[in-house]
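Biologist: I have a chain open here and want to talk through how it is put together. Can you take my questions as they come?

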Amino acid sequence: MRLTAVPALLLIVSTTVTACAAEPALVQRAGEGAGADGAVAGRAVDTGPDQKRVRTGKVASIAARVPAAIARDGRLTVGFSVQSSPPLVFPASDNVTPIGVETDLAQLVADVLGLELEPESSSWENLFLGARSGKYEAVFNNVTVTEERKDVYDFATYRIDQLAWQVPGSSPIKRISGPADVAGLRVSVGSGTNQEKILLDWDAQNRKAGRKPVEILYYQKYGDVLLALKSGRVQAYFGPNPTIAYNVAVSGGSRIVGTASGAGPGLQGLIAAMTKKGDGLVGPVHDALATVIGNGTYRQVLDRWGLGNEAVAESRVNPPGLPRQSG
C-alpha cells in the first residue's frame, strides 16, 4: 500500500473553544494543546497509526454476493482523499496512515464482506475517475448523492450531509442562513463540491435581486482556508460540517454561524459509499451497512469521532439526491 504523506491539520490557536449547539459535541480538555490526541465528545481520540478500530464479523450470506471479480483478491480497495480533514479522513501522526470516521466505516463494511481493507490515497477529483474506471472498488469520502452522479455511480448511504459556515472568531457576521447573508462577502468553497453549487445558486439569486455578488476564492487544502480566514483574505468558508466543527473545537479562533443540508433547501443530503455503476457491489455494501447499523458498531464509530448526530436510521441505495443543475 502506498499513500501520499500530507501535512497535519493547521491549528488556529485560541484560548476559547467555541461550538454551535447544533454541531457535534467536540470538546478540547482545558489546558491541553491539540497534539497527537484530540478530544472528541469528551474522550481523547487516538490519532496514531496503530488504530484500535471498532471491528465486526463476516456475514457469509452477504460476502457470498460480492462480485467474483472484486472478491477474487480478498481485498476491498477503497479510495480516500487524505487531505487533513479531521474527523473525516486525515493522516495519522505518522503523516502517512489514513484515519478518521470514513476509514473506520469502510473497515466495518470490509469486515462484513470478509475482505481486507486496502486504502488508496487520491485527490478529490481523481476519486471519481478511479471509481468510474474500477481502480477503486468503493469510495468512502464524504460523497453526497446527486442525481447527476447517479448516472455514473451507485450509492449506499451511511450519514446525513451537513454543511457549515465558518468565520473568524472576531468576525461581525452572526448568522448565515440564506443568499442575502453572503452578498458582497469573500467566501472560500471547494471546487467541484455540492457546497460550491449551493453557493453559486445563492450568488445567482443575489445578482438577480440586485445585491452585491459573492467573491469566491478557491483553495485546495483546508489549512490554506484557515490561513485565509485568519489573515482576512476570506470572510467565510462554506464546507463540510464535521471538518469545521472539529477544527473549531480543537483549535479555536473561529466559529460556526450556520448550517445547511448538503442537498440544498427542501432535501436532506445524504453521504454514501460510491461504487461503479452496475458492477454489482452496491447491494452487498448496502447490506453490510445495514448489518453494522443493526449491531451497533456503526454508532460506536460515529460516536468515537463526535458525529453521532449525523447518523442515519437505515442505509438506502440510490435515494433521491441533489437535483440536477440547469444549464
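Biologist: How do β9 and β13 pair, and over how many bridges?
Modeller: β9 (residues 162-168) pairs with β13 in the antiparallel sense over 7 bridges. Strands here are DSSP E runs of at least two residues and helices H or I runs of at least four, numbered from the N terminus; two strands pair if DSSP finds at least two bridges between them. This is a predicted model, where local features need pLDDT of at least 70, side-chain atom pairs count only at pLDDT 80 or more, and totals for chains, interfaces and linings use all residues. Residues are numbered from 1 along each chain as its sequence is written, and side-chain values use heavy atoms, with hydrogens and water left out.

Biologist: Which residue in β13 is the bridge partner of Gln162?
Modeller: Ser261.

Biologist: What is the strand order of the open sheet?
Modeller: β11-β10-β12-β9-β13, 5 strands with mixed pairing. β11 (215-217) and β13 (254-261) are the edge strands, each pairing on one side only.

Biologist: Which strands does helix α6 touch?
Modeller: α6 (residues 222-231) packs on the sheet and touches β9, β10 and β12. Contact means heavy atoms within 4.5 Å.

Biologist: Changing topic: in the largest nonpolar core, which residues touch the most other members?
Modeller: Leu105, Leu113 and Phe140, out of 44 residues. Such a core is a set of buried Ala, Val, Leu, Ile, Met, Phe, Trp, Tyr and Cys residues joined through side-chain atoms within 4.5 Å; buried means under 20% relative accessible area (1.4 Å probe, protein chains only).

Biologist: Which element gives the largest share?
Modeller: α3, with 8 residues.

Terms used
Buried < 20%, exposed > 50% of the residue type's maximum accessible area, 1.4 Å probe, protein only. Axes fitted to C-alpha atoms, helices over the stretch in contact; angles between N-to-C directions.
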